[in-house]
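Welcome! Please take a look at the sequence and the 3D structure below, and then walk through the main points with this briefing.

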Amino acid sequence: MSEMNSTEVFLSHRELLFSIAYNILGSVADTEDVVQETWLAWSGRSGIENPRAYLVRIAVNAALARRTAINRRKEEYVGPWLPEPVITPADPVEQAETVSLAVLVVLETLTPLERAVFVLHDVFGYSHPEIGELVDRTPAAVRQLAHRAREHVQARRPRFAADPEVRLEVTQRFVDAIVGGDLNALMEVLAPDVTLWADGGGKARAAGLHPVQGRDKIARLIVGDATRRPVQSLDVQYRWINGDPSAVLLSGDTPFAVVVLDVDGDAISGIYAVTNPEKLARLEVTP
């Protein structure tokens, strides 16, 4: 395999490697490092019969090794920790291997190996024997890991996601209520037991050190915060974030916040707000 062909083979798999590693890590910077490590392990190799399997194996094990460092950072993190949001295509076909921000939050509660198995099997369609070869486990062990992970995720996530058009409409109503400082309109769109996760990382305004629950408390918190920093001064773009229609708030050309909503019926049951500038620095937005 020539150097040029070797590079082309790697580049043809780069998007897959990035997607798998990101869904295991939830961090774009760490994912880029894993992809780079995979390239270094691949560069100069020859005679690899199955390049895809070789590259995925390297990336998965590099990601598993990196989870330890991420978990240490999370222990020292200020306030709720949310995955780093990424912009995804609006085309449902291209979203087949996209994991929502809310599910990524649930995946954070799995062991690293359970998470890797869930991502490879339920998201990317790898069989139990194939995963066993990637992570050096027997198919039976992988099957058990997959079962535990799936049960855990299903217990914490609704079985049916709201229609994307409904989610977009509810997101727009939510943002309009905030921009207008309309407490009543905000109360109408929030479910009574709504939960707010606000990730400022100690570097930006957030809603405190713990998730906030309850419609009254959250509505007054949001409207009060909007009063202190007029939302009218921010531009809003509606983009697909991690496969969900979401709101990106910009101050000038710089992302100020990303808001992703869980919608149950036509009411908001969960609010995921990322304001940590470090997690928004790689978000590519267009005018």
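## A helix with a buried face

In helix α7, the residues Val142, Leu145, Ala146, Ala149, His152 and Val153 are buried. Looking down the axis of α7, you would find these buried residues within an arc of 135°, so they line one face of the helix. Keep in mind that this is a predicted model.

**More on helix α7**

- Helix α7 covers residues 139-156, which makes 18 residues.
- From its first C-alpha to its last, α7 reaches 26 Å, close to the 26 Å expected at 1.5 Å a residue.
- What do the buried residues of α7 pack against? Their partners are α4 (101-107), α5 (112-123) and α6 (128-135).
- On the face of α7 turned away from its buried side, you will find the exposed residues Gln154 and Ala155.
- Here is a handy rule: an α-helix has 3.6 residues a turn, so residues three or four places apart point the same way.

- Helix α3 runs over residues 51-75 and has 25 residues.
- At 1.5 Å a residue, α3 should span 36 Å, and its end C-alpha atoms are 37 Å apart, which agrees.
- Where is the kink in α3 centred? The kink, of about 30°, is centred on Arg67.
- Arg67 is itself buried, and the other buried residues of α3 include Tyr54, Val56, Val60 and Ile70.

- The largest nonpolar core has 47 residues, and Ile20, Val56, Leu107, Leu120, Tyr126 and Val135 are the ones that touch the most other members.
- Which helices supply at least two residues each to this core? They are α1 (3-25), α2 (28-42), α3, α4, α5, α6 and α7.
- Take Leu120 as an example: leaving aside its neighbours within four places in sequence, Leu120 is in contact with Ile20, Val56, Val60, Gly125, Tyr126, Ile131 and Leu134.
- Apart from this core lies another, of 27 residues, with Phe174, Val189, Leu196 and Val223 among them.

- Arg115 has its place in helix α5.
- Is Arg115 buried or exposed? With a relative accessible area of 2%, Arg115 is buried, because buried means under 20%.
- Once neighbours within four places in sequence are left aside, the contacts of Arg115 include Tyr22, Asn23, Arg67, Leu104 and Glu108.
- His128 sits in helix α6, and with a relative accessible area of 15% His128 is buried.
- Leaving aside its neighbours within four places in sequence, His128 is in contact with His121, Pro139, Val142, Arg143 and Ala146.
- Two of these contacts, Val142 and Ala146, are buried residues of α7.

**Aromatic pairs**

- How many aromatic pairs does a search of the whole structure find? The search finds four.
- One of them joins Trp42 and Tyr54 in a tilted pair, at 6.0 Å centre to centre and with 50° between the planes.
- Trp42 lies in helix α2 and Tyr54 in helix α3, so this pair ties together parts that are twelve residues apart in sequence.
- Both Trp42 and Tyr54 are buried.
- Trp197 and Tyr272 form a stacked pair, at 4.7 Å centre to centre and with 5° between the planes.
- Trp197 is partly exposed, with a relative accessible area of 22%, whereas Tyr272 counts as buried at 4% relative accessibility.

**Loop residues with positive phi**

- Phi of Asp136 is near 60°, which is a positive value in a residue other than glycine.
- Asp136 lies in the loop between α6 and α7, and Asp136 is exposed, with a relative accessible area of 52%.
- Asn242 also has a positive phi, near 50°, and Asn242 is likewise a residue other than glycine.
- Where does Asn242 lie? Asn242 is in the loop between β3 (235-241) and β4 (244-251).
- At 2% relative accessibility, Asn242 counts as buried.

Methods. Residues are numbered from 1 along each chain as its sequence is written. This is a predicted model: local features need pLDDT of at least 70, side-chain atom pairs count only at pLDDT 80 or more; totals for chains, interfaces and linings use all residues. Side-chain values use heavy atoms; hydrogens and water are left out. Helices (H or I, at least four residues) and strands (E, at least two) are DSSP runs, numbered from the N terminus. The expected span of a helix is 1.5 Å times one less than its number of residues. Buried means under 20% relative accessible area, exposed over 50%, partly exposed in between (1.4 Å probe, protein chains only). The arc is that of the directions from the helix axis to the C-beta atoms. Contact means heavy atoms within 4.5 Å. The bend at a residue is the angle between axes fitted to the seven residues ending there and the seven starting there. A nonpolar core is a set of buried Ala, Val, Leu, Ile, Met, Phe, Trp, Tyr and Cys residues joined through side-chain atoms within 4.5 Å. Rings of Phe, Tyr and Trp (its six-membered ring) pair if their centres lie within 6.5 Å; planes under 30 degrees apart count as stacked, over 60 as edge-to-face and the rest as tilted.
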